[in-house]
Every structure is written in C-alpha cells, then in structure tokens.
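Welcome, and thanks for taking a look at this one with us. Here is a short tour to read alongside the sequence and the coordinates.

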Amino acid sequence: KARIFRFGNRTADGSKDMKNLLGGKGANLAEMSRIGIPVPPGFTITTEVCTEYNRLGKEKLIDILRPEVREGVEHVEKIMGSRYGDPGNPLLLSVRSGARKSMPGMMDTVLNLGLNDEVVAGLIKKTGNDRFVWDSYRRFIQMYGSVVLGMKPDSKEENDGFEEIIEKLKEKRNIQLDTEFGVEDLKELVSDFKEIVKKKTGKSVPADPWEQLWDATMAVFDSWNGKRAVYYRNMHGYPSDWGTAVNVQAMVFGNMGDSSATGVCFTRDAGSGENVFNGEYLMNAQGEDVVAGVRTPQQITKLGSQRWAELARVDEKERREVYPSLEELLPDLYRELDEYQQKIEDHYRDMQDMEFTIQEGRLWILQTRDGKRTGTAMIKIAVDLLKEGKISEKEAILRIEPMKLDELLHPVFDKAALSKAHVIAQGLPASPGAATGQIVFFADEAHKFKNSILVRIETSPEDLEGMNLARGILTARGGMTSHAAVVARGMGKCCVSGAGSLNIDYKSREMRAGGKVYHEGDWISLNGSTGNILEGKVATVEPELSEDLAELLEISDQFAKMKVRTNADTPKDAEAARNFGASGIGLTRTEHMFFGHERIKAMREMILADSPNGRKRALRELLPMQRADFEGIFEAMQGLPVTIRLLDPPLHEFVPHELTQQKELANEMHISVKQVKNKVDELREFNPMLGHRGCRLGNTYPEITEMQARAILEAALNLKEKGIEVKPEIMIPLVGTVSEFILQEQIIRETAETVFTERESRVEFQIGTMIEVPRAALTAAEIAKHAEFFSFGTNDLTQMVYGFSRDDIGKFLPVYYEKGILAGDPFEAIDQEGVGQLIRIGIENGRKTKPGLKIGICGEHGGEPSSIEFCYKAGMDYVSCSPFRVPIARIASAQAAI
Ligand code: PEP
Ligand code: MG
C-alpha cells in the first residue's frame, strides 16, 4: 500500500476525494495540480503513516518510509531542476501538517528545510541574492528551533528568545521593520539564533538536510497529539485516530525581493458572505508574516484596500503610496490570481481560502481549502451559490452546519446604546458580533471573569482555549487573515483585530488608548461588525432572522419529513417559537407556571393540606390562573397542536426549606411552624428524581389531575368561542406501567365529560404519554392500547438508562472524558447505542399495537442535530425543542431526510 502520493506539473497520484488518506491540504494540492493550477511540486505522506508512527516509533518508521520518501524527493528534484542538500544547486523543502478537516494553526509547519552553512553559500551563488538567503536561514533556525527542538519563551509575559534578539537589534540599528535589516544584520541574527537555541534546548539545528527532513516530519506527526491540536479536536469532536498527513513540498519564496510577495485570499467574504474576492498580502515576505500580523498586510483588491483605508483612517494618498493593493501594484499577477481563484471556487463549488506566493514575478498557489466562515456568511454563501446555479437546493441545505445558526440568534448591540457609547479605538471588523466583558491579557486567564474580553498584541494557536472561553477577542496587530481573525470566525466569536493605536503592555497588564489607561478587569465592548472598541458595557437586543435564513428554512421544510415543535411554557416563548417556524408545542411543562408569588402560595396550601377537601380548596384558587395560562398559549399557537403535560416534579420542590420562609408560610396559613416543618420532613426523599413525582402525583392526588384537565379543556372551550379551534394533547408524565396511565386517563375523561356538560359544548382532545421510564419503552405495546400518542422524554430516559443523575453528571464527566470512558455528554446527544435501543423498541412495539401512532421527542436532544437524525431514522413524526433551537432543528430535520 502506498505511503506517499506525489503531485506537481499538472498531474497527481491523489485527488480531492482522498481527504481521509491525504488530509485536506494534501488532497486539495493533488486536485489543484490536476486541474492545472500551478502548485509547487511535492508529495503527501498519508494519515495512516501517522498512526503507524504512533505504533512503531520514529526509528522503525523511518526505515520503512525511507525508499518512498527518497523517491518523492527525486520527483520534486526532477520538476524543480535542483537537488535537495546539493550546495551547487540546492532545493529547499517545506513540511506541513494537514488533517482530514482543516485545523488552522493547530499543528506544526517547518519551512526552508535543506539549509546549512554550506548550502547557504551555494544558494547565494545560485540566486545572487544574499539578503534573501540570509533572511531564509534565520527564519529556518527560528522555526526549527521552536517547532522541532521545542524552544519556548521563559514566561508568558516574555517574548520568545528570537523576538527578543530581533527587537534588540532593531533598537541598535534604529529601525522598525524586519525588512530593513541588512545582510550583516541577518548574519548576526543567524549566529545569535544558533546560540540561543543551543543555550535553551541543549541541541543544535542539524546540518544534515535528511536529518532535518526526518525530524521535521516526526515533529509534525507529534503535533497531532500536541495540546492545541487535542483541544481543537475535542472541541470539534474529531477522533484521535484520524492522524495528520504530512505534505513535503518544494519551497517557493515570497521573500526574494521586490518582485516577490505572499498572501492569503478568500473567494468570498468570510465574515459577511458577500461575493467579493478579498485577501491580504505582503511584499517581500514569507507566509507566516501575514498570519502572524507583525507587519500590516495590504489588501489584494483595490476595493478592499479602499474599505480598509477608511477603517484604518488612512487617507487616499498614503493608501496608494504606502499600502497599494496587489491589483494596483502588480496588475498582471493580480489578474492571474483572480482567474485562479474563480477557477478554484467554480471547481469546488464553495468559498475557498487560499494561500499564494509570488516568487520573482511568478505566481504559485500553495493551498486551498473550504474557508472557515461565520454563521451569517455560511447562510449567505449557500443561498448565493444556489441562486448562481452552482449548487442544488439539497446541497444548499447540506452546506449548513445547524449548530452554527446559534450565532445568528445571539444578541446584537442596541442601536441607541451604541450611538451613545465612547469609542476607545478602531480596529478591523474581523469577526462580527457584539461582545461585552472584562479585559484579560492572557489566554489562560480568560476564565478569570464570567465575561472576559481577551486583549492581545497578537494571538497564537496556543491561545485557542482562552479564545473559546472569552466573549470576544481584541488584537493590536494582524489583519483580517491573522490567526485571531480566522479562528474567531470559525468559532463564530466576535473579534476586532489590528487596532494599531492600542498600546498593550503584558508586564503591567495595561492597555493604553487615546490617552487613557485600561487595566485588567475593566469593562469594554467590541463591535465585530464595525471594528469599534467601546468603553464599558453596551446594552444588547435580540436579533432578527435574516431573509436569507428564512429562505433556506422554507426550502428545508420542503425536504423535511419530520416536523419541528417547541418546548414552551409561556405565551411569550410560544410566540418566539412560532416566529422561528415551530409547527406546534411538543411540551408545556406546567410546573413552571406555579412558581409566581401568588401561585406558589396556593400551591403550598395545596401541598400542606391534610385532606382531599383542603387540597381541592387550594386547587380552586389555582384553576383560573392555570386556565388563563393555557388560553395565552393556545392563542399564541393559533390552532397549531399543543401538548400540555400534567404536573411532574417532586412536591418537595415547592415547599420552603429555610426556617425564615417556613415561618412566613406558617403565618400566612395560620398554622404552626411545626406543622410546616413536619410536612417538609414528610416530603423529604432520598432520591427525589426517582420518587414521588410524575403521574405518581396525579395517582396519589387525583384532584391535581382533575384541576389541570379542567383548566386545559375550559381554556380550549373559551378559545373555541373566540373562533380559534384547539385540539389539546394532554400528556401524562413518567408512566412506567399501563395501569398508571389508565387511572389518569379515567380522571381526565370523566373531568372532560363534566366540563362539556357544564358548558354544553365539546372540543376534541387526545391523551398520550411520555416515554421516559425504561419500563414504558419495554411495555410500549401494552401502553399503546390506551395512549393516543407517545413523546420520548429522553432526559429522564437517559438518566434512568445510564443511572447518571442528570443534575450531577458534571461532577465526573470531565474525568470520564479524560479517561475516554465517555466521548460526549449523553444528555446532549442521544446515546444511540443504549438509550437509542429503547427508543427503537418503544416505537416498534407501540406501532405494532397502533399503526400510525403519533410519536415525538421532547427531551433536550430534540434540538441537537445528530439526535434529530437518529429520531428521523427511528421513525418519529416530530421533534420538540426550545424556541431558539427551532431553526436548527428545521435544518437538521431536512438534512436527515436528504
Ligand atoms: C424528559 O425527561 O426528557 C422531559 C422532557 O421531561 P423533564 O425534562 O421535564 O423531566
Ligand atoms: Mg422527564
């Protein structure tokens, strides 16, 4: 079986469909080569080799790999007309990671492999450009030192040793930019770099090019299990056995002088989704200069450059002279790049994020990948590609990551509050959104405040975890393609980058701007859509659904076979859900209605009453309140189906547990504190979640069921009088045996007849059950003889199937993740293997008794895409989820059916 796959010169061993084996980068390099895009030639070592490496270790693997890698290098040598390690005519190589899914910056890269003192001399002779050669050499030692030999800064407040040396030399020479270093300076850097590597790591950069290549390759494999990569993988649920591929490729140089450049570009706007080619580049630089944000990158297009200048407050003359766009500076190369980006996007039929290098007037494309994008951009791009006829409706739906819609439903700044806020400084709108929080300067301190804003000169992949925790990210350096910007957009996190007027001092933990000093813990706000940095907290409001999203949701409804209902306990929630397109209510938890001040009093009276009559008296007080609640909900849903569940939680949740409250209650009820206390003690349970709750309440206190049934049906009759037809679905919780159901059903039917006789009018209604006790799932055939619908309560079902308390799992879950006992939280995504079996049994047996039995889910899983797919496959008619998950579930339901 082949371990390496070659590419270059318009041919390739691999293709874009081989991402699992070649990684995303390798597969796309092969594909680009095939379609005639100029990529530097190279070869990909497969992801399977990464797994082999972890099993066999370095020495054994190199033995196995040697012949094929030699062949690969020869392939590159032939195309490039130079030889690796030959001082007379040297070829230099790069080694880059590349997993199945792009993990920007999470793994390692080493450039300029093949350099040593001898090769440096040879390369100078060959190119006649000693500045470029020495610049490449110092970069090589810097990169090799940190990536392969593991050199690190002494503390987080410090720069790494290399930066320190660079800064000192700049000071000595009185210069600002790396590009101003002369040849002698670069030589000095090389020598100082070698020394500090030796001092800090005890090792030297090897002179043997093959030793360099092997060590760099293994370092890239190792980075798959590095801290950053593991965190990123866990965040996205990528399994550890995927491994990374390694791409070995001929170096092309953007730092060869004034006809050389390097850059990053996007075929569409990754923030807004707008169909405009955009990106950034730097003349006479290597790739890492653009993403690291050390120099201010220039815009690729003229339009982009003008937009940037406006935000950066740079006037037109300065823009044209100091920061011209590639389109203006090198029009021919720009046109060529524009042609390639169009060709590549058309080929992939999705927004691409590309890297390119211009070496002495020749353009090379180094990589392409589906671009990370915000939720807004995800929607707009899918809708636009559909309108452009590039993708089908089905594809447009499949392009949506449902959970990413969550971003679009996040609050935005209130316009009025925004206009009054004081603008501290202005940066680039790197990732849209509104964030308010307290300043922290270090990623590993992002947890210091509940809402933090991570403020950095620039971010690095090490900061990932902190960036994820922070509400927003602010950097002083770096453009729209900097690490911070790319990662933030991928996370859907608000980010303002490149706010050059900020002066950030890590040592004193201060940020200076506009003559003011801001300290750690001070509140600031970021507007990721304009790049404004604002003082203090700024009020936010709920966002509205965009037209594009509404359109996509409508399309998805045509494909979806499973309906999406909502869990809503108030008319307000019900209305919000209806605006998001809910097709009914799948669960109204009536207990939430009892917590208001007046109601809890009546509720407590009911609980404390010693006789059925006492209880009935209290329930009579509650009846009109409940009836009004239901009327509100029915009205909000305008005839759509509404499932109302009878009282579920253990009664002890309603009684006061503190002495002062107990005294208050005793006073109000004119009974002794002792009586109250006794009742509270009486209700105490060892396992309340397995205790006196659910239909066990209704079966011990039938008056409660009677009151609730009356409230529901009277409310329905009242609406009928107003011309709104409602067909309530009354749901009995926590049924485990059919007799529990039958007794409740009797009470409801008797109550209904009484109410209908009193009112001389009738409504249709159904009585169904939750399936949330394992026994109910197992005896579904029997229960279905009586129940008119099933709704799986997967919260309790998961709790009882695993025996994990749903309220306490957080205590041991992190350890379970760490030890690999659980891969995910079973309360978030359905455990298809275990809980899923019971669901399948329940559905199958229920429908054996009653074909066409209506079945849904109302546990939290009903809004989680992988669980929604499972529910569809299991044959459910609907899922029900919280209002803000409704759009997510509509897309996920369509995706399941496609
Ligand atoms: C369930 O158990 O899944 C459910 C929906 O009910 P609750 O969360 O109210 O217990
Ligand atoms: Mg439940």
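## Around the ligand

Which strand and which helix each supply at least two residues of the shell around ligand 1? They are strand E28, residues 585-589, and helix H31, residues 794-802. H31 gives the most, with three residues. Please keep in mind that this is a predicted model.

The residues surrounding ligand 1 are Leu587, Arg589, Asp648, Glu772, Gly793, Thr794, Asn795, Asp796, Cys858 and Gly859. By class, this shell holds two nonpolar, four polar and four charged residues.

## The annotated active-site residues

An unreviewed UniProt entry carries the annotation "active site" for His483 and Cys858. The two are spread over 376 residues of sequence and are also spread in space, with up to 40.2 Å between C-alpha atoms. Of this pair, Cys858 is among the residues that surround ligand 1.

Is Cys858 buried or exposed? With 28 other C-beta atoms within 10 Å, Cys858 is buried, because 20 or more are enough for that label. Cys858 sits in the loop that runs between strand E33 (854-857) and helix H34 (865-874). Leaving aside residues up to four places away in sequence, Cys858 touches Asn567, Gly586, Leu587, Ser791, Gly793 and Ser880. Leu587 and Gly793 also belong to the shell around ligand 1.

His483 has its place in helix H19, residues 483-491. His483 is buried too, and 24 other C-beta atoms lie within 10 Å.

## The annotated domain

The unreviewed UniProt entry also provides the annotation "domain: PEP-utilising enzyme mobile", which covers residues 451-531. This span is 19% helix and 36% strand, and its end C-alpha atoms lie 19 Å apart.

## A six-stranded sheet

Now for the sheet that contains E6. Six strands form an open sheet in the order E2-E1-E3-E8-E6-E7, with antiparallel pairing. The edges are strand E2 (11-12) and E7, each of which pairs on one side only.

E6 has a partner on either side in the strand order. Six bridges join E6 to strand E8 (residues 245-250) in the antiparallel sense, and Arg96 has Asn247 of E8 as its bridge partner. Three bridges join E6 to strand E7 (residues 109-113), again antiparallel, and here Val95 is partnered by Val110 of E7. E8 also pairs with strand E3 (residues 42-45) through four bridges, in the antiparallel sense. In that pairing, the bridge partner of Gly42 is Gln249.

## The nonpolar core

How many residues make up the largest nonpolar core? It has 247 residues, and those with the most contacts inside it are Leu93, Val110, Ala382 and Val879. Helix H5 (residues 130-148) contributes the largest share of this core, 10 residues.

As for Ala382, its contacts are Ala396, Arg399, Ile400 and Leu552, not counting residues up to four places away in sequence.

Notes:
Residues numbered from 1 in each chain as written. Chains lettered and ligands numbered in written order. Predicted model: local features only at pLDDT ≥ 70, side-chain atom pairs only at ≥ 80, totals over all residues. UniProt positions renumbered as here; feature names shortened; annotations may be inferred. Pairing = 2+ DSSP bridges. Near = placed C-beta within 6 Å. Nonpolar A, V, L, I, M, F, W, Y, C, P; charged D, E, K, R; others polar. Core = buried A, V, L, I, M, F, W, Y, C linked by C-beta atoms within 7 Å. Buried ≥ 20, exposed ≤ 12 C-beta atoms within 10 Å, placed from the backbone. Contact = placed C-beta atoms within 7 Å.
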